[in-house]
Structure formats: C-alpha cells, structure tokens
Amino acid sequence: MCVSVFNTAESIRSEQISHMFDRFYRADPSRDSQIRRYGIGLSIARAVVSAHKGKITASSKDGKSLLITVVLP
C-alpha cells in the first residue's frame, strides 16, 4: 500500500527535508510562541510506519511544496 500527502509551504530548503522526521524539529526558525507547534507529528508517523516495517519519505521538487510518501508492505 502506498499513501502520499501533498501540501504547499512558504519555503522548504533541501537541508530541512533531511530533518523533517527528527523529533521536535521545526523548520520555522522564528519559534513563534503564539503558534502552537511541537515538531513531533512526523517523528510519530515515522515510528508508526517503522513498526509496520514500512518506509516514509519527504521530498520537495520546487521548495514551495512538500510530498510525504508512506509505503507499507
């Protein structure tokens, strides 16, 4: 089974993609305390996918969108 989720973003640099699944990583450098984001969603997704012996990847072709792909056996 393969599931892909596509979303637009303001800006995504290639070095950010390699950290997308790190726990507590947030690509937004401002760390605005008014925006309640914790940076754990994709790390939880990676743990769930790994527990099911699958693979999860992130990619951006244009630096303004993000594609998350999950492949499960």
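Two residues are in contact when heavy atoms of theirs lie within 4.5 Å, and this cut-off is used in the exercises below, which concern a predicted model.

**Exercise 1.** Leaving aside its neighbours within four places in sequence, find which residues Val49 is in contact with.

*Solution.* We first set aside the neighbours within four places in sequence, and then we apply the cut-off, which leaves Gly54, Lys55, Ile56, Val70 and Leu72 as the contacts of Val49.

**Exercise 2.** Work out in what order the three strands are arranged in the open sheet, and which of them stand at the edges.

*Solution.* The order is S1-S3-S2, and the pairing is antiparallel. Strand S1 (2-8) and strand S2 (55-59) each have a single partner strand, so they stand at the edges, and one side of each is left without a neighbour in the sheet. On average, neighbouring strands of this sheet are turned by 15° against each other, direction ignored. Turning to one pair, we find that S1 is joined to strand S3 (residues 65-71) by seven bridges, and that Thr8 has Ser65 as its bridge partner in S3. Helix H2 (residues 41-51) packs on this sheet, where it touches S2 and S3, and its direction makes about 145° with that of S2.

Methods: Residues numbered from 1 in each chain as written. Predicted model: local features only at pLDDT ≥ 70, side-chain atom pairs only at ≥ 80, totals over all residues. Heavy atoms only, no water. Pairing = 2+ DSSP bridges. Helix = DSSP H or I, 4+ residues; strand = E, 2+ residues; numbered from the N terminus. Axes fitted to C-alpha atoms, helices over the stretch in contact; angles between N-to-C directions.
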